[in-house]
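User: I would like to know what lies behind some of the labels used for this model. Please take them one at a time.

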Amino acid sequence: MSTVREAAFELFRARGMTTVFGNPGSTELPMLADFPDDFSYVLGLQEAVAVGMADGYAQASGRPALVNLHTAPGLGNAMGAIFNAQANHSPVVITAGQQARSLMTLQANLTNRDAVRVTDPFVKWSYEPPRAEDVPLALARAAHLSSLPPLGPTFVSVPMDDWAAEVDAGDAAEALKRRVSGRAAADAESVAGLARRLEGASSPALVAGPDIDAAGAWDAAVALAERLRLPVWATPATGGGRLGFPEGHPNFRGSLPPAIGPAGETLAAYDLVLAVGTSVFPYYPNIPGPLLADGTELIAITSDPDEAARAPMGDAIVADVRLTLEALIGVVSESDRPTPEPLPPPEAGEETDPLTPTMVHHTLAEVLPDDAIVVLESPSSTLAFRNQLRISRPGGYYFGAGGGLGFGLPAAIGAQLAEPDRPVVCVIGEGSVQYAVTGFWTAAAYSVPVAFLVLRNSEYAILKWFGSIEQVDGAPGLDLPNLDCAAVAAGYGVPSGRVADREELRAALEAAISSDRPQLVEVEVASGMALF
Ligand SMILES: Cc1ncc(C[n+]2csc(CCOP(=O)(O)OP(=O)(O)O)c2C)c(N)n1
């Protein structure tokens, strides 16, 4: 016999889930009792931060990350972050405490009344085991499911008296031994059919999506693009959480516009579009138009059956992105089309006072090490960032694909914990900081050396821009006067400074990026949307 807690920690250990992100309460303490020395606990001061850190950690490490949240109110606080983890295809295994089984029916204080329903829409599997002795198997199931394609969060609610209950050690050992893998190759017929269609196309193009990065398929995507001389577009920047192609590569053409009409127009230049590792497409906002021009066809390769099923146009192959691209390269003949002309280098115009967001990103590009990881949450300058930076290393970029603010700050901390040898820069708007602001404390307390670059424009710039698109005048609540992020971060223990011109910015960024402690650089920027 062993306890549920012993069996569960054996399971976490066997799955490499030895970092626990959490915020504890009385209902979680029984899980955390006698916390093993080979585990580390990363405290987030609010549940959205704990899940956001786990999201960044899981994506950057490629392994499921474990979260432990407080019962109903803690889980409620985390919902936006769980939504984000789902959109990011992030394998986050979330546990939450629950009142003791004997007190749930009379609904003692802190009972999570319908725990399974709380997370259900945002996770792959939401569960509360019927008996204490089922907890280890439920946790194993949650871990396997979260890391099977399509990757995503899972949830298990654990009544607080379950952890000390006894389980059969033999059964627990059987569950521990199990290895479940799920990378499925496409059938040869589909791959051959795709090769024929690509060979027969006169102007094919590739749209590269985030799952190329998650699947380790950058080399395959580059090899295919070079073999077929494909112009390559990134899936829309506002919905793609990772990069599927080096943006400094000559074949790279830019990010697809995010709305239906403009995306369809952009793809009208091609007779066949191969969309890989992306939904088709993460559209936003609502600018209608033809999905595709007459004469343009589309084929998607995705490991997510739902992405394949819900696409409004084109064919789809559901299979592992890397295995399928590699198989395709083996059977498709090389094209004799000319290689696409590289994009011109990005320009940022003259230095202004205050700096434009474009110039801020241009300056960051000058000092950013090649192996850096950037986590971006600067809504009105997302497009300018992508144009100026042209990130060209796998695992070098994370963005909240679901659009829920509060991802960037904690995800940067999680990514840095997963990748201690790569510099991590969190580029973030001062409004976005506020959704997970207590993450600053975790960065300081655990010496996680993220460089935070805060763009301060004293407004919700993107919402003013959306106002113009939606023909909305006079909306309140779009200005943020006197929001002093540098002072707030300093209060949480992160050394912070403010810069005004390019020289100061460059020097402060270099210092923050090379520091072995977190640092924050706040720069005032011109108001408005930055598109290039
Ligand atoms: C959780 C959540 N709440 C609200 C929003 C709506 N929203 C989108 S962008 C934005 C403004 C963010 O401000 P800031 O970070 O300063 O960026 P800016 O638009 O000024 O670039 C808001 C409030 C959201 N996306 N997510």
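Analyst: This is a predicted model. Its open sheet has six strands in the order β16-β15-β17-β18-β20-β19, with parallel pairing.

User: Why are β16 and β19 said to stand at the edges?

Analyst: β16 (397–399) and β19 (496–499) each have a single partner strand, so one side of each is left without a neighbour in the sheet. From one strand to the next, the twist averages 20°.

User: What makes β18 and β20 a pair?

Analyst: Two strands pair if there are at least two bridges between them. Strand β18 (residues 451–456) and strand β20 (residues 519–524) have six bridges, in the parallel sense, so they count as a pair. Arginine 456 stands opposite glutamate 524 in β20. Helix α22 (residues 502–514) packs on the sheet and touches β17, β18, β19 and β20. The direction of α22 makes about 160° with that of β20.

User: Why is arginine 229 called buried?

Analyst: Buried means under 20% relative accessible area. Arginine 229 has 18%, so it is buried. Arginine 229 lies in the loop between α11 (218–228) and β10 (232–234), and has a positive phi of about 55° although it is not a glycine.

User: What makes serine 458 partly exposed?

Analyst: Buried is under 20% and exposed is over 50%, with partly exposed in between. The relative accessible area of serine 458 is 29%, so the term is partly exposed. Serine 458 is in the loop between β18 and α20 (461–469), and its phi is near 60°, a positive value in a residue other than glycine.

Key
Residues are numbered from 1 along each chain as its sequence is written. This is a predicted model: local features need pLDDT of at least 70, side-chain atom pairs count only at pLDDT 80 or more; totals for chains, interfaces and linings use all residues. Side-chain values use heavy atoms; hydrogens and water are left out. Helices (H or I, at least four residues) and strands (E, at least two) are DSSP runs, numbered from the N terminus. Axes are lines fitted to C-alpha atoms, for helices over the stretch in contact, and angles run from 0 to 180 degrees between N-to-C directions. Contact means heavy atoms within 4.5 Å. Buried means under 20% relative accessible area, exposed over 50%, partly exposed in between (1.4 Å probe, protein chains only).
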